[in-house]
Amino acid sequence: MPWIWLRVLLALTLAVGGGLLGHLLGGAWGYALQAALTGALLGVGLLFSLDMLRGHRILRWLAESLNGPPPAFAGFWGELAARIERALRARERTADAERERLAQFLSAIEASPNGVLLLDASEQIEWCNQPAAEHLGLDRQRDLRQRVTNLVRAPAFVAMLQARAFDQPVQIPQPGGRGLLSIIVRPYGDGQRLVLTQDITERERADAMRRDFVANVSHEIRTPLTVVAGFVETLTNLPLSEVERKRVLALMAQQTQRMQSLVGDLLTLARLEGSPRPPADTWVPLARLSSAVELDARSLSAGRHRLAFDWGDGVELAGSEPELLSAVTNLVSNAVRYTPESGQIEVVWRRRAEGAGEIVVRDTGPGIAAEHLTRLTERFYRVDGSRSRDTGGTGLGLAIVKHVVQRHGGELLIESTPGVGSCFTLVLPASRVRAPATRLALQP
Ligand code: ADP
């Protein structure tokens with residue numbers, strides 16, 4: 001408000017000044033009144049022209065998007081330019097902060113492993129993040145403003161959008177048959193849709209494996225249980241001779257033993273899955289493992305095979321003794337169980353390049369056809385089911401071996417030729433093998 005009065009005062013001063021000057025000059029010629037009016041008008045006009053000029057410079061500064069400082073005027077125009085600049089700069093800062101927040105928000109959505117897709121009211125793609133584009137096989141630039149149902153044609157997804165049935169997620173195959181997607185759609189705003197996609201390939205695979213596992217365990221336990229139940233009934237209802245009774249009891253004991261082995265192996269697997277990695281600084285002498293393994297092999301073979309052992313120069317292995325023992329015993333027990341009488345079984349310790357080591361279990365058994373080799377370590381996978389069960393196998397042995405060796409940072413290699421024999425190699429990394437010489441040298 002004070003600026004207005006100052007402007008009015010200035011205009012009056014110029015008008016009065018101009019009028020007086022006109023009166024003085026015009027009086028000499030006898031036109032005092034006309035000259036005074038003209039002088040007053042010229043005074044006000046001068047102020048008006050100056051204002052026009054300053055207003056023009058401020059408009060030009062605004063048109064140049066606030067480039068540089070505002071024109072430096074004193075008084076009313078200077079104050080006007082400064083206030084405009086302050087207001088505009090404050091708005092610019094707010095817009096920058098909003099832009100920054102939006103960018104952060106979008107990069108957070110971008111970092112999500114799940115896909116996010118925004119659809120407008122006519123189901124055209126407004127925006128999508130990279131995972132959504134990968135999941136649905138979209139091109140983020142090219143497919144913008146395209147109707148999503150023209151690009152994603154999975155019937156379950158199209159039906160969901162058409163029926164507006166958004167309460168349940170749908171599952172659709174990923175384009176190119178790469179896996180399985182779960183899709184959730186949520187309406188928002190003015191008819192828009194938020195589409196969330198999640199790759200559930202792994203989860204589904206794990207679920208299927210768990211279902212198979214439970215079915216397999218139930219089957220494996222039910223069979224001997226049915227046999228035992230049948231024998232119990234026989235013993236209860238039939239008058240058996242002493243010889244028959246003994247035979248039935250022996251068969252019952254065999255089936256019970258089968259269930260015990262199965263439960264034992266299942267517990268071993270559960271322990272392996274639930275316990276931390278074996279220690280890297282607990283050293284187990286191979287000699288201690290070897291004597292236990294040899295004892296077990298000789299008792300299982302009962303003189304039916306030619307057995308040969310070569311444990312090298314007595315190294316030490318870092319890890320869990322019971323786990324390593326169970327892995328080697330499983331391999332040797334398989335060799336004994338699957339190799340026919342008078343076959344040869346060889347167990348050898350060897351150093352590999354760069355300090356690693358391996359325990360090789362080789363037999364002259366029936367061998368395994370190539371198509372089975374990659375599946376042998378799956379739980380309950382058997383090449384010959386009846387042979388495995390007849391010899392007390394649970395179908396879990398090699399799964400245990402693989403688990404143990406991987407927990408020790410090594411790997412299980414399997415080579416086999418049908419009709420010739422098999423060779424299972426348990427490889428341990430250099431960090432888990434040390435020679436006694438090294439140990440002695442390090443001792444003070
Ligand atoms: P199982 O308890 O049935 O022996 P494993 O997991 O130890 O279970 O072995 C899986 C399958 O691999 C066995 O059923 C058998 O068919 C095959 N197999 C394992 N070791 C040998 C071997 N040394 N010779 C021939 N076949 C073998």
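Helices (H or I, at least four residues) and strands (E, at least two) are taken here as DSSP runs, numbered from the N terminus. This is a predicted model, in which local features need pLDDT of at least 70 and side-chain atom pairs count only at pLDDT 80 or more, while totals for chains, interfaces and linings use all residues. Residues are numbered from 1 along each chain as its sequence is written, and side-chain values use heavy atoms, with hydrogens and water left out. The chain is divided into domain 1 (2-88), domain 2 (113-199), domain 3 (211-274) and domain 4 (283-439), with bounds that come from an automatic or database domain assignment. The C-alpha centres of domain 2 and domain 4 lie 51 Å apart.

**Largest pocket**

- A pocket is found on a 1 Å grid over the protein atoms alone, as an open set of points where a 1.4 Å probe fits, with protein on both sides within 12 Å along at least five of seven lines, and its lining residues have an atom within 4 Å of a point.
- The volume of the largest pocket is about 840 Å³, where a volume is the space filled by probe spheres set on the points, and grid points are joined across faces, edges and corners.
- Its lining consists of 40 residues, and Asn 330, Ser 333, Asn 334, Arg 337 and Tyr 338 are those nearest the centre of the largest pocket.
- At least two lining residues of the largest pocket come from each of α8 (242-274), α9 (286-301), α10 (321-338), α12 (385-390), α13 (397-407) and β12 (421-428), and α10 gives the most, with ten residues.
- The lining of the largest pocket comprises 15 nonpolar, 16 polar and nine charged residues, on a scheme in which Ala, Val, Leu, Ile, Met, Phe, Trp, Tyr, Cys and Pro count as nonpolar, Asp, Glu, Lys and Arg as charged, and the others, Gly among them, as polar.
- Because domain 3 (211-274) and domain 4 (283-439) both give residues to this lining, the largest pocket lies between them.

**Second largest pocket**

- The second largest pocket holds about 490 Å³ of space and is lined by 17 residues, with Met 209, Thr 377, Glu 378, Arg 379 and Ala 399 nearest its centre.
- Both α7 (201-237) and α13 supply at least two residues of the lining of the second largest pocket, and the largest share, six residues, comes from α7.
- Seven nonpolar, four polar and six charged residues make up the lining of the second largest pocket.
- The second largest pocket also receives lining residues from both domain 3 (211-274) and domain 4 (283-439), so it lies between them.

**Helix α3**

- The 37 residues of helix α3 (residues 75-111) should span 54 Å at 1.5 Å a residue, and this agrees with the 54 Å between its end C-alpha atoms; the expected span is 1.5 Å times one less than the number of residues.
- Trp 77, Gly 78, Ala 81, Glu 85 and Ile 109 of α3 are buried, where buried means under 20% relative accessible area, exposed over 50% and partly exposed in between (1.4 Å probe, protein chains only).

**Strand pairing and hairpins**

- Two strands pair if DSSP finds at least two bridges between them, and strand β3 (residues 170-173) runs antiparallel to strand β4 (residues 180-188), joined by four bridges.
- In the hairpin of β3 and β4, six residues lie between the strands, and Gly 176 takes a positive phi near 85 degrees.
- Eight bridges join β4 to strand β5 (residues 192-199), again in antiparallel fashion, and Gly 189, in a hairpin with three residues between these strands, has a positive phi near 55 degrees.
- An open sheet has three strands in the order β6-β8-β13, with antiparallel pairing; β6 (283-285) and β13 (433-434) stand at the edges with a single partner strand each, so one side of each is left without a neighbour in the sheet.
- β11 and β12 pair in the antiparallel sense over seven bridges, and Thr 417 stands opposite Gly 421 in β12.

**Positive phi outside glycine**

- Ala 302, in the loop between α9 and β7 (306-310), has a positive phi near 50 degrees and counts as exposed at 56% relative accessibility.
- Ser 342, in the loop between α10 and β9 (344-351), has a positive phi near 65 degrees and is exposed, with a relative accessible area of 52%.
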